[in-house]
Amino acid sequence: MTSPAPTRARWLPSRWPADAAGRKNMVLLVQLRWIAIAGQIATILLVHFGMGIRLPILPMLVVPCIAAAMNLGSILVVRGRTDISHAELFLALLFDVVALTTQLYLSGGATNPFISLYLVQVALGAMLLHHWSAWGIVAMSALCAAGLTFVYRPLDLTEMLEGRLFDLHILGTWVCFVMIAVLLVLFMTRINRNLQDRETYMAKMRQHAAEEEHIVRMGLLASGAAHELGTPLAQLAVVLGDWRHMPEINRHPTLMEEVGEMQAAVQRCKTILSGILLSAGEARGEAPMVTDVRAFIDHIAQQWRDANPDLPLRCDFGPHDYPRIIADPVIRQAVTNLLDNAREAGATYINLMVSRDREWLHMAVRDNGRGFSTDMLADFGKPYRSSKDRQGSGLGLFLVVNVVRKLGGRVDASNGADGGAMVQMRLPLSTVALEEDGDVD
């Protein structure tokens, strides 16, 4: 089921895990290490065979091989987990410092212009690690760089290259500068984007927490009101029953009709209050009703038609086999809220559309009312955001969004190209279906 709407607002549950930034940053470190491995191998081969500087090529090639094994292990860890701890990031950077130190020891120590690559590890530590561990990377890099000024394997230069050592050092320094600049720009921008995504996720979680606290307060208020209203409604039902048997009223058909309408209204109020208590888990002795999707939607639609006889409501079902579900009152209330919202938006007809696929149950309410404003689409699902100028309005869609979110679903809101609006709920069958047999038609 899709909407032809040109404008759309979507609420979607966030899937950014709490430590996903750590996982993404570990992936960046793995990518950086692959670049370092390729660069080391190319540089070693070029210097040894191309420039004639005799290096201990075997031990120097062992280091990138160990780094490659480390990368493969890191990939397996990242694929099997949704979070990476701070300590693991620290150890990964510490390994890179040790690997760089080994290569520099075998190729001239502090005289090697590539000693400046320690700055890349320090910059990454400052971005990724906590205060103490970032300073740990700084201390480790400084100690290693200091040690390489005293302990290292000197380069074995040919007689021709010994006289050009300064020129080679300047060239190597320039190459090292370019490498550091490129790597910092590439990876720091990506790390910053990961951190910004995490901050956005945390802001959404704080917003959801505030909304859920608001819902808890509303739920407590509704539950208390339902208990308090039960007694006067019962008394009113008794009084109306007595009136119905009074001779003075029986002689007037108009009065009898009005008494019947009042009894129906009282019964509807009692049904609504029972649904509130059942949703709050306070109704006793009532087993959840198992039904199929068609019967569930038809029952909701018929109840709504009885309460709104002057507004046509059409139900359309897709040509699918629908599973049995538990008739959850919160889903019924969510659908009813959408129908009521369409009525209050000035609709003259409403279409309730139902379909499914292998994973989702789709329920959409489409109307020919005035639709959503741009501000409403931007703030869709937030409390007290409404086009109706009365106190307390806007809670219907807010409750719908939060009910669907609790069930693991999603809500879309859009305006039709020919006017009106459509709000679509998608509920996971794994949550709402009692059983799932067979394939989708």
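**The helix packing, up close**

Modeller: Helix 2 and helix 3 run roughly antiparallel to each other; angles over 145 degrees get that label, those under 35 count as roughly parallel, 65 to 115 as roughly perpendicular, and the rest as oblique. Before going on, a caveat: this is a predicted model, where local features need pLDDT of at least 70, side-chain atom pairs count only at pLDDT 80 or more, and totals for chains, interfaces and linings use all residues. Residues are numbered from 1 along each chain as its sequence is written, and side-chain values use heavy atoms, with hydrogens and water left out.

Back to the pair. Helix 2 covers residues 57–80 and helix 3 covers residues 86–106; they pack at about 170°, and their axes are 9 Å apart. Axes here are lines fitted to C-alpha atoms, for helices over the stretch in contact, and the angles run from 0 to 180 degrees between N-to-C directions. The helices themselves (H or I, at least four residues) and the strands (E, at least two) are DSSP runs, numbered from the N terminus.

Who touches whom? On the helix 2 side you'll find Pro59, Met60, Val63, Pro64, Ile66, Ala67 and Met70, and they meet Ala92, Phe95, Ala99, Thr102, Gln103 and Leu106 of helix 3. Contact means heavy atoms within 4.5 Å. Sort the residues of the helix 2 and helix 3 contact by class and you get 11 nonpolar, 2 polar and no charged. For that sorting, Ala, Val, Leu, Ile, Met, Phe, Trp, Tyr, Cys and Pro are nonpolar, Asp, Glu, Lys and Arg are charged, and the others, Gly among them, are polar.

Helix 3 has another partner. It packs with helix 4 (residues 118–128) at about 175°, with axes 10 Å apart, so helix 3 and helix 4 are roughly antiparallel too. From helix 3, His86, Leu89, Leu93, Asp96, Val97, Leu100, Thr101 and Leu104 take part, and helix 4 brings Tyr118, Gln121, Leu124, Gly125 and Leu128. That contact of helix 3 with helix 4 holds 8 nonpolar, 4 polar and 1 charged residues.

In the model, residues 89–106 are 100% helix and 0% strand, and their end C-alpha atoms sit 26 Å apart. For residues 32–51 the end C-alpha atoms are also 26 Å apart, with 95% helix and 0% strand.

Now zoom out. The chain has 14 helices and 8 strands, and 40% of its 441 residues are buried, which means under 20% relative accessible area, with exposed meaning over 50% and partly exposed in between (1.4 Å probe, protein chains only). Among contacts with a separation of 6 or more, 74% involve residues 24 or more positions apart.

Asparagine 351 lies in strand 5 (residues 350–356) and is buried at 13% relative accessible area. Its side chain makes a polar contact of 3.2 Å with that of aspartate 316; a polar contact is a pair of N or O atoms within 3.5 Å, where within protein one must be able to donate a hydrogen and the other to accept it, and residues adjacent in sequence count only if both atoms are side-chain atoms. Leaving out neighbours within four places in sequence, asparagine 351 touches Arg314, Cys315, Asp316, Ala364, Val365 and Arg366.

Aspartate 412, in strand 7 (residues 410–415), is buried at 3%, and a 2.4 Å polar contact joins its side chain to that of arginine 426. Glycine 369 sits in the loop between strand 6 (360–367) and helix 12 (374–378). It is buried at 13% and, not counting residues up to four places away in sequence, touches Ala345, Gly346, Ala347 and Gly420. For contrast, cysteine 269 in helix 9 (residues 253–279) is partly exposed at 35%.
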